[in-house]
Every structure is written in structure tokens, then in C-alpha cells.
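Here are my notes on the model you sent. Please read them with the structure open.

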Amino acid sequence: MTVTVERLGADYFQDPHSVHARLQAQRPVSPVIMPGGTPAWLVTGYAEARAALADPRLRKTMPGWHPEPDSIFAALDLHMLNSDPPDHERLRRLVNKAFTARRVERLRPRITAITAELLDDMSTQPEVDLLASFAFPLPITVICELLGVPVADRDDFRTWSATIVSDTAIPGVFQAHATAMIRYFMALLAAKRHEPADDLLSALIAARDEGDRLSENELVSMAFLLLVAGHETTVNLIGNGVLALLLNPAELARLRADSALIGGAVEELLRHENPVNNATFRCAAEPVEIGGVRIGRGDPVLVALSSANRDPSRFGDPDRLDLGRDSSGHLAFGHGIHYCLGAPLARLEAEIAFSHLLARFGSMRLAVPAGSLRWRPSTLIHGLESLPVRLVP
Ligand code: HEM
């Protein structure tokens with residue numbers, strides 16, 4: 001049988017689910033062409049995705065995959081999500097403690113206060129862009145405070161980071177924004193070294209300066225990863241989640257009627273409309289067979305998390321949003337050694353965000369036709385450009 005190679009482009013950004021469903025019905029691993037022209041394997045089946053994420057032969061570090069060590073871009077590259085053991089373990093261990101469910105629970109009062117403040121501001125306007133007014137400022141404020149990054153600079157990172165995760169950035173713009181991000185972190189870390197504060201970046205500088213556990217580039221890369229992963233994702237859990245609820249009014253009413261559903265609802269919203277569409281690239285360090293498909297040495301592999309989460313062999317009637325279903329085992333936070341470090345923080349933020357938003361506004365509806373909403377041009381991130389809503393207390 002001839003296999004057609006799927007080109008991932010504008011249509012895929014706008015509706016990844018129908019592309020995934022079509023590919024998944026044919027085979028669990030398909031050849032694709034990325035928007036930039038690179039060929040890759042897309043793993044769409046649930047069992048195969050889970051196996052691929054846990055397979056040590058699919059690695060993050062391969063010759064030719066990373067910037068030269070003396071290039072300025074090495075300063076964004078040496079983080080845990082781009083590393084294999086043993087570096088991965090060393091880098092993750094340095095920050096693990098700050099993100100455990102117990103430590104994160106201590107942030108509940110502050111996250112609740114930030115949420116209340118944002119909702120107060122929104123209640124003065126009949127119509128808002130929920131992303132700009134709520135879904136973005138909440139997680140970015142939380143992660144900035146945790147790291148010790150000035151919240152006032154958030155619009156700058158939003159621009160730089162959106163370019164870095166986009167698949168359609170013009171090379172010159174990508175270069176300029178990545179360089180701006182690196183310079184920003186270098187200056188911030190220099191200032192903190194001079195005047196440490198009670199924050200995670202100061203703690204990481206102390207860990208680095210006490211021994212050779214973190215190189216300077218690893219330090220900048222860690223700050224970059226935590227800041228970008230800490231907000232590019234949760235913003236879309238809130239945005240995609242609110243949209244899914246607005247498009248499924250019976251489920252929204254169910255959640256309003258029973259606040260105890262919130263924990264399961266967050267899991268189902270993660271499963272149903274993944275904030276991270278595909279995991280980051282892996283590379284086959286040796287020939288590997290997944291789902292009966294032979295992947296050659298050096299081939300790039302992309303695990304389609306949102307496809308796995310809608311695999312009918314794992315989740316019955318997968319396209320249906322059902323806040324009461326058991327969504328456990330979903331892959332929205334990945335799987336294996338790179339399983340999301342920030343999952344407890346993301347869950348807490350989402351739980352507070354959804355429950356307070358619904359409690360404050362008894363009525364909420366889309367301010368534009370659903371068909372006019374646009375998704376961001378990224379194969380990695382699945383998030384809306386904007387979400388105009390009308391709110392009534
Ligand atoms: C809804 C929100 C979030 C989602 C859906 C999400 C999703 C993911 C996924 C899928 C991965 C694995 C990627 C891969 O294997 O290629 C990951 C890794 C990671 N996430 Fe999250 N994330 C979220 C929030 C956060 C937050 C709030 C932080 C806080 C700093 C964070 C920090 C990280 C880090 C550091 C890694 C790399 C872990 C490693 O390589 O060991 N994430 N995340």
C-alpha cells in the first residue's frame with residue numbers, strides 16, 4: 001500500500017484533531033513533513049505514544065541537532081527538556097523540590113489573590129479577550145514571582161516566546177527575539193548574583209556558584225525553560241478549557257452545579273483540548289520499530305499527545321467532552337523522564353482559575369462566532385490567538 005506523506009501546515013494548526021483522526025485510522029505512526037520542510041515520524045496511537053515517550057532509544061541529544069557550544073543560541077539550549085541522562089537527572093534534581101504538589105500548594109493563597117484581582121478588572125468590562133485579560137496574566141505572574149523575574153517585563157517575554165515556539169517565524173525575527181531573550185536573562189542573572197533575593201533564580205545561582213553543577217549556559221537555559229514552559233502552556237489550558245466549556249453548555253452547567261467535579265474536569269479538559277499538541281522532538285539513536293513501523297537511525301520523531309488523548313482504543317467516544325469520565329492516563333503532561341515538572345502547579349492554577357471564573361460570572365458566552373476563532377501557528381502549542389467573551393456577573 002502506498003503511504004501518502006502528510007504535510008503539516010496552516011490547516012493542521014487550525015484543526016489538528018481531524019488530521020490526527022485520519023492518520024490514526026490508517027496506522028499509529030505516519031510519515032509527515034513539518035511546516036519548515038523537515039520530514040519526521042508522527043506517532044498518533046495512544047499505546048505507541050506512551051511507549052515512544054518511555055523509550056531510551058529516542059533521545060534528545062544527537063550530533064547536529066544542537067547549536068555549537070560557543071554559539072549564543074547554546075544559552076537557550078542546555079536545559080533538561082533537551083537533555084538525556086545523566087545530565088537530565090542532574091538538571092531536574094536542582095529544581096524538583098520547588099515544584100512538588102506539597103510545595104506548590106503553599107502558593108494557593110497567592111494564586112487565589114492574583115485571580116481575584118484579574119477578575120475584578122474584568123468585571124468592569126462587558127466584553128474581554130479572556131486570553132489577554134486572564135489566561136495569560138495569571139500563570140505568567142505566578143511563574144515570574146516564583147523565579148524572581150519582574151512581572152512588568154511580561155509583554156516582552158510574551159512576544160519573544162511566541163516567536164520561539166512558532167513554526168512560521170521569519171528567521172531574522174526568530175534570531176532577534178531569541179537573542180533578546182538571552183540578553184535579558186544574562187542581565188537579570190548578573191543583577192541577582194550581585195543582589196540575591198528569596199527566589200528560585202537566586203537559589204539556582206547559589207547552586208551554580210557553589211560548585212560546577214550548572215554551567216552559565218545551563219543557568220540561562222533553565223531560566224528560559226521554566227519561564228516559557230511555565231506560561232505558554234497553562235494559558236492554553238485556561239483558554240482552550242473555557243472555549244470547550246462554552247461549546248458544550250451542558251457540561252458547563254454540570255460543572256456550575258457541582259463544584260466537586262473541578263479536579264476531574266481539569267483532567268478532562270487537558271485530555272480533550274491539549275495545551276501542548278505534540279511533545280518536543282526526539283531522535284532515534286538506533287533503528288527502532290514502533291507500531292510496526294521501522295524508524296531509521298537519526299530520524300526525528302514527534303509524539304502527537306493530543307492524538308493519543310483522542311485514541312478511541314483508550315478513551316471511548318474520545319471527541320466528546322465528558323467532565324465525569326475517568327481521564328486518568330491522559331498524556332497531556334507527557335510521560336517518562338520528561339513528564340511535566342510543572343504539572344502540580346498547572347493543575348492548581350487551572351483549578352483556581354476555572355472555579356473562580358465560574359463563580360464570579362453567572363453567564364459567559366462567546367462574543368464572536370466560534371468559526372472565526374484562530375489557533376496559533378505552532379505544531380507544539382495548541383492555543384488560541386484570542387478568545388473574546390461577554391461576561392455577566
Ligand atoms: C497545562 C499546563 C502544562 C502542560 C500541558 C505541560 C505539558 C508538558 C509536556 C507535554 C511536557 C513534556 C514534553 C516532552 O516530553 O517533549 C512538559 C515538560 C516540562 N514542563 Fe510542562 N506543562 C504545563 C505546565 C508547566 C508549568 C506551569 C511548568 C513550570 C515551570 C512546566 C515545566 C515543565 C518542564 C521544566 C518540563 C521539562 C521536564 C523534563 O524535561 O524533565 N510545565 N510539560
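1. I start inside a sheet. W41 stands opposite V301 in β9. This is a predicted model. The strand that pairs with β9 here is β3, residues 39-43. The two run parallel, and three bridges join them.

2. β9 also pairs with β6, residues 282-284. That pairing is antiparallel and has two bridges. C283 is the residue opposite P300 of β9. Strands of a sheet pair through backbone hydrogen bonds, either parallel or antiparallel.

3. Which way do the residues of β9 point? P300 and L302 point one way, V301 and V303 the other way. All four of these residues are buried. In a regular strand the side chains alternate between the two faces of the sheet.

4. Now the whole sheet. It is open, has six strands and runs in the order β1-β2-β3-β9-β6-β4. The pairing is mixed. Its edge strands are β1 (6-7) and β4 (58-59), and each pairs on one side only. Helix α3, residues 46-53, packs on this sheet. The helix touches β3, β4, β6 and β9, and its direction makes about 125° with that of β9.

5. L58 stands opposite A284 in β6.

6. Look at G296. This glycine sits in the loop between β8 (293-295) and β9 (300-303). Is G296 buried or exposed? G296 has a relative accessible area of 15%. The cut-off for buried is under 20%, so G296 counts as buried. Leaving aside residues up to four places away in sequence, G296 touches A284 and P287. N82 is another matter: the C-alpha atoms of G296 and N82 are separated by 21 Å, and the two residues are 214 apart along the chain.

7. There is a second sheet to check. It is open, with three strands in the order β5-β11-β10, and its pairing is antiparallel. The edge strands are β5 (127-129) and β10 (363-366), and each pairs on one side only. From one strand to the next, the twist averages 30°.

8. Take the β5 side of that sheet. Three bridges join β5 to β11, residues 388-392, in the antiparallel sense. E127 has R390 of β11 as its bridge partner. D129 stands opposite P388, also in β11.

9. Take the β10 side. Here β10 and β11 pair in the antiparallel sense over four bridges. L366 has V389 of β11 as its bridge partner.

10. The ligand contains an iron atom, so what is the protein donor? The only one is the SG atom of C340, at 2.3 Å from the iron. C340 is in the loop between α17 (305-308) and α18 (343-360).

11. D317 lies in that loop too, between α17 and α18. D317 is not a glycine, yet its phi is positive, about 45°. Is D317 buried or partly exposed? Its relative accessible area is 47%, and D317 is partly exposed. Please inspect the backbone here. Most residues other than glycine have a negative phi, and most peptide bonds are trans.

12. The other backbone point concerns a peptide bond. The bond from P85 to P86 is cis, with omega near 5°. P86 lies in the loop between α4 (74-77) and α5 (87-96).

13. Finally, the chain as a whole. It has 18 helices and 11 strands. The radius of gyration is 21 Å, close to the 21 Å that the globule rule gives for 393 residues, so the chain is as compact as a globular protein of that length. Along the principal axes, the C-alpha atoms fill a box of roughly 65 × 55 × 40 Å.

14. Buried residues make up 52% of the 393 residues. Among contacts with a separation of 6 or more, 71% are between residues 24 or more positions apart. The chain exposes about 16,900 Å², and carbon and sulfur atoms supply 54% of that area.

Terms used:
Residues are numbered from 1 along each chain as its sequence is written. This is a predicted model: local features need pLDDT of at least 70, side-chain atom pairs count only at pLDDT 80 or more; totals for chains, interfaces and linings use all residues. Side-chain values use heavy atoms; hydrogens and water are left out. Two strands pair if DSSP finds at least two bridges between them. Axes are lines fitted to C-alpha atoms, for helices over the stretch in contact, and angles run from 0 to 180 degrees between N-to-C directions. Donors are N, O and S atoms within 2.8 Å of the metal (3.2 Å for Na, K and Ca); water is not among the atoms, so sites may look incomplete. The radius of gyration is taken over C-alpha atoms; the globule rule is 2.2 Å times the number of residues to the power 0.38. Buried means under 20% relative accessible area, exposed over 50%, partly exposed in between (1.4 Å probe, protein chains only). Contact means heavy atoms within 4.5 Å. Accessible areas come from the Shrake-Rupley method with a 1.4 Å probe; for residues, only the protein chains shown count as cover.
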